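Please find below a short note for a colleague who is new to this structure. The points begin with a single residue and then turn to the chain.

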Amino acid sequence: MTGGRPEVPVAVIGAGPRGLAVLGQLLAALGPGGPWEGTAAAVHLVEPEEAGAGRVWSPHQPAGLLMNTLAGHATAFPDASVRTPGPRLTGPTLLEWSREHHEGGPLEPWEHPGRALMGRYLHWAYGEMLRRAPAGVRVVRHRTRATALARTPDGGLRVTLENGDGPLAVGAVVLATGHTDQREGPGDRELTGFAARHGLVRLPPGYPHEAALDRLEPGAEVLVRGLALNFFDQLTLLTSGRGGRFTQYPDGTPRYLPSGREPRIVAGSGRGVPYLARGQAPGAMPRGHRLRHFTGEHLERLLARGPGGVDFRTEVWPLIAREAGAAWYTTALRLRPGRCRLPENRFLERYAAVPHGSPQWAALLAEAFPDPADRFDPAELDRPLAGVTVPDRDALGEWMRGFLRADLAAARDPEHSPLKAAAAAIAAVKSQVRKLAVAGVLNARGSRDLRWFRAYGAHTASGPPASRIAELLALHEAGVVEFAGAGLTVGTDEAAGRFTGRSATVAGPPIRTRALLDAWLPGPDLATTGSPLLAALLTAGLGRAHRPGGAQPSGALDVDPATGRVYDAAGVAQPDLFACGIPVEGVEWNTAIGARAGAGAALFTQADTIARAALAAACGR
C-alpha cells in the first residue's frame, strides 16, 4: 500500500529483453500521460539471472562470444518509429549508450559487439527504468524462478516462487520466460546412458557459456553436431578461449596459432555446411532490400483470405523465391551482363510475370541462361552438399575450403555478390511472413512450413559475422577443425565403447570418438519443456498446447496473437494471463528476433499491448 492507496499488483515472469520491454511499457502506462497515471502499483519481476539481460545475454559470459546483430541495430528502448497509443519509455540505443559506458570506446554501427556487452547494456536499461519509475510504483525484484501458477478462490492469480518467498497474489501475469531447458528425449537419454557406461564425454545441447567444455581434453577428437550460430560460440571457447590466437599471413589470409590446449573437432550437421556469413562491407552498414514482389499489396491479398486460407508452399514460398531470385539476377546482370541471352530489362520483366516454378518459368531461365550455373537455385542454396560424395575427410576439407572462401569473399563485398543480394531479400521478407503467421491465415501445414522457412532463412540470411567464417577457415587449415559432411547421424558402438558419426557425403568407415558435443540450442516445445512453470500451467488447466487448424501441436503455448492472452484448457482467452516471445513460437514466428532500432519493432508494440491489457485486468479486480 502506498500513501493509503491499495497497490495494483502485476507479475512479469522473465526479465530478458521481452520482459524488459513489458516492464518499460508498464511504467510508461503508469507514468505521466499514461492511462493509469497516478495509480499505485507493484510490479513483481521474477528472473533468476541479471534483470534485463536474462540467461541468453548474461553480462558474465566470455567476452569473445559475439552478437549476431550489428551494433547499429540493437536497442532496449522504443523510438519514434514505434507506434503506440500512449507514451513510451524511451532511451538510448546500444550505439548511443556505448559512447558513455563502453570501456573500449564507442562502438561502430557495423560492429558485432560481444554478447556480454549487450548484457551490460540491457542490465543498465533495467536500472534506468527503475530510476524513472513513476511515484507510487514499486518494482519488486525476485531473483528466483517461478515454479507454478494457480487461480485463487477469488479468481486472482497466485505465483509460486522456487526460493520459498511469496506466494505472490497478483491481478495479472505476463509470461516472458524466453528459452527454457527441454527434457531429454529417448535418443538423448540413450546417448547419455551410453556415455556413462563407457566413461565417455557427452555434452548435451544448451548455452555455450554454460557448457562443461573443460571436460573436452586437449588433443582429444570430438564429434560435434551442429554448424549454426551455437557452433561458432562453442568453437570460440574451445580455441581462442583456450589461449589460441588468430593472426594473418602477409597476404591477409587468416591464420590460427594453436595453444596446444584445443581438442580436435570433427563437425557436421544436416546441411554439412555452416550458416552463410552475413553480408558486411568493412566500415559500412549493409544496405537494406526494397521489396518488389512480396509487397504490402501482395500481403494484404493473402491476409484477406481469412483463417487457414493460405498455403505457404504454393502461395507464400513462390513470392519469397521470386523476391530473392530478382535480387540475385539484378546483381548478376549488373556484374556479368554478357551471361544472359536476353536484354536485362526484358528478362526481369518476364521473370516478374511468370509464376515461380511453373513451366514458363523454367523455359524462361533455360532461354536466358543456357548454363545452369548462372541460375538462382534456392534448393542448392539450402543444401549445397546434396548429391556430393567424396572418398574421405581430406577431400571434403578441400571442397569446404572452396565453399567457405567463396562465401567469405561474397560477405566482404556484398554489393558485388548475387548470393548476398538474394540473402538480403530473404531477410527483408521475414516481416511479411511474421504478419501472415500472427494473422492465422496459414493452413494446417503452416507450422511445419514456417519451421522449415525459419531454418532456411537462418541459414541464408541470419548467419555469423564474416570474421567467424574467416576464423573457421584458419582453424581448419591449422588442423584443429575437420568436417564430417551432410546428413550426419550419431550412433554408438557398444563393443568399441565409442560414439560413431556417419554421413553419406563421405565414403569409408564412420567417425569414432570418445566425446560428443551437441552444438545447438533446443527449440521450444511445450510437450517436453523443462520449465516447471509451463508444465504446471498445463496441469492446472490455465494453458493449453497450440494446435493450428486442429493439427499436431506446434510446440507453442496457445495464445490469442492479437492480445497475447493465454487460452485455458477450455479454449477461453484469459483476461489476466499473457505470454510473449519464445514460449509462443508456433503461434507467432521467429520470436527470437530482437528489437531493431528505427524499424518500428513489433517487440515493442506487442509489449505495449500486453502491458496495457495487464494493467486493465489488474485494476479491474
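1. In this predicted model, Ser-467 has a relative accessibility of 33%. Ser-467 is therefore classed as partly exposed, because that class lies between the buried limit of under 20% and the exposed limit of over 50%.

2. Ser-467 belongs to helix H14, which covers residues 466-477. In sequence, 402 residues separate Ser-467 from Leu-65, while in space their C-alpha atoms are 12 Å apart.

3. As to secondary structure, the chain contains 16 helices, H14 being one of them, together with 19 strands.

4. The C-alpha trace extends over about 80 × 65 × 50 Å along its principal axes.

5. Of the 621 residues in the chain, 53% are buried.

6. The contacts deserve a separate remark. When the contacts between residues at least 6 apart in sequence are considered, 74% of them join residues at least 24 apart.

7. Finally, the charges may be considered. The chain carries 67 positive and 60 negative charges.

Notes. Residues numbered from 1 in each chain as written. Predicted model: local features only at pLDDT ≥ 70, side-chain atom pairs only at ≥ 80, totals over all residues. Heavy atoms only, no water. Helix = DSSP H or I, 4+ residues; strand = E, 2+ residues; numbered from the N terminus. Buried < 20%, exposed > 50% of the residue type's maximum accessible area, 1.4 Å probe, protein only. Contact = heavy atoms within 4.5 Å. Lys, Arg positive; Asp, Glu negative; His and termini not counted. Charge placed at Lys NZ, Arg CZ, Asp CG, Glu CD.
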